[in-house]
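Please consider the following protein model, given with its sequence and coordinates.

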Amino acid sequence: MFDDAWLSDLLQHRSGMLADALVAQDLAATLAEHQPDVDARGIATRELLRALDEVFERGWQPADVAHAARREATAGSVSLAVALVAEHARRTDAAVRAPDAWVDQLRELRALPPGDPAVVATWRRAERRSPAEAWRIVLLLAGMLHGAARLELLVPPPSRWGPARSRPAGAPASGDDRVLRRIRGLLAKAESTEFTEEAESLTAKAQELMTRHAVDAALLAAGSPPAEGVATRRVHVQDPYVRAKMQLLAAVAEANDVRLVWYSTLGIATLVGVPGDVGAVELLFTSLLLQAAQALSAAEGAQGRRSASRTFRRSFLLGYAHRIGERLRMARLRATEEASAAHGIDLLPVLRSRQAAVEDRVAELFPRVRTTRSRASVHPDGWYSGQAAAERADVGPRRSSLP
């Protein structure tokens, strides 16, 4: 019964039931008894790689797979998912054939070749998993991969990659890349310092640089059609309070003329906008999320035991997001007006042209997208505590000048 054909059929055609944790656990115990060597013949590796390839053809990217493995399967499956992505990259020559965005994700996941043909067996030995635990993770990951919904195709999947091409290691960075590196450096310092005032100052400089770069780009485009393309990027938001965190991401995106579309059941958002703006939004969101977590911890301490509810925490994040959005929009409007006055150019037509290009791209990618609003109950103390924390978060060039 428990031969290679049975295992292959289980992983290919019966994956729906594998998403059930209890079913996966019972099957794993049985497999561990009959195949304690865990994929010594490579059947599971073969089927998982086949499922991974199908997922990529349905619009998924490497970082999406790692995110979903943590969220939908189990945290222990992430290392196996990354190992499978690395082996897939080796087999497809992704390092020299895949789009730049794909290779960047492989690099961030540390999944660039060389991979290992015996993925599951090698992973199990490295992780020192028991046979039952290893099989349980394999089954849950198979269920997640086969059950993955189709996503919008933002970059070409492996079947559409062209021949190998060179990527000069010493190629000069683009203006956007240089700016994003500077923003990333400022935010990294802000997150690592133990001094609140220093963190606020560094975060303020990062936002100032974001606004100035966007205005400079608009100035260069004044009087001519938009020369920049429209970029897309997926952002992954982890539990808990995914909806509230998405509200913060939406607030940062809206204030920077970036559109956001998100999959409510996956914790995955797609940012659509001018390339430099998209990258900067993700960076600022990540930093503000960390600031919010620190502020929430302080607020809970001040509130005492009454604050230890999910409603309080979610409401805190919603209030924080609402006020951050207001401050960001006012800061950007002021910076735009100051730049227009300084250069004697009305930037609004240029900015509207860029926004129109973004809206066209959103309509092309998401023709059936709909706007939703959260109707969940709000804890008043949490909401106002979040707004107060947002007042203390530096998001503009000078704290005293922000509304």
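Predicted model: local features only at pLDDT ≥ 70, side-chain atom pairs only at ≥ 80, totals over all residues.

Residues are numbered from 1 along each chain as its sequence is written, and side-chain values use heavy atoms, with hydrogens and water left out.

The protein contains 17 helices and 3 strands; helices (H or I, at least four residues) and strands (E, at least two) are DSSP runs, numbered from the N terminus. Of the 403 residues in the protein, 48% are buried, where buried means under 20% relative accessible area, exposed over 50%, and partly exposed in between (1.4 Å probe, protein chains only). Among contacts between residues at least 6 apart in sequence, 79% join residues at least 24 apart; a contact means heavy atoms within 4.5 Å.

The 3 strands form an open sheet with antiparallel pairing, in the order β1-β3-β2; two strands pair if DSSP finds at least two bridges between them. Because β1 (231-236) and β2 (259-263) stand at the edges with a single partner strand each, one side of each is left without a neighbour in the sheet. From one strand to the next, the twist averages 20°. Strand β3 (residues 268-273) is joined to β1 by 6 bridges, and the two run antiparallel. Thr-232 stands opposite Val-272 in β3. Helix α13 (residues 242-255) packs on the sheet and touches β1, β2 and β3, its direction making about 165° with that of β2. Helix α14 (residues 275-303) lies across β1 and β3 and runs at about 15° to β1.

Two packed helices are described by the angle between their axes and the distance between the axes. Axes are lines fitted to C-alpha atoms, for helices over the stretch in contact, and angles run from 0 to 180 degrees between N-to-C directions. Helix α1 (residues 4-13) and helix α10 (residues 131-146) pack at about 45°, with their axes 8 Å apart. That angle makes α1 oblique to α10; angles under 35 degrees count as roughly parallel, over 145 as roughly antiparallel, 65 to 115 as roughly perpendicular and the rest as oblique. Leu-7, Leu-10, Leu-11 and Gln-12 of α1 make the contact with Trp-135, Leu-139, Ala-142 and His-146 of α10.

In a second pair, the axes of helix α5 (residues 62-73) and helix α8 (residues 100-109) come within 8 Å and cross at roughly 45°. These helices, α5 and α8, are therefore oblique to each other. Here Pro-62, Ala-63 and Ala-66 in α5 meet Trp-102, Gln-105, Leu-106 and Leu-109 in α8.

Which residues surround Leu-145, its neighbours within four places in sequence aside? Leu-145 is found in helix α10 and is buried, with a relative accessible area of 3%. Apart from those neighbours, Leu-145 is in contact with Leu-48, Ala-51, Leu-52, Val-55, Arg-58 and Val-65. Leu-145 and Leu-52 are 93 residues apart in sequence and 6.5 Å apart in space, C-alpha to C-alpha.

Finally, Ser-315 has its place in helix α15 (residues 310-343). Ser-315 is buried, with a relative accessible area of 0%. A polar atom of the Ser-315 side chain lies 2.7 Å from the backbone oxygen of Thr-311.

Key
Polar contact = N/O pair within 3.5 Å; in protein donor to acceptor, adjacent residues only side chain to side chain.
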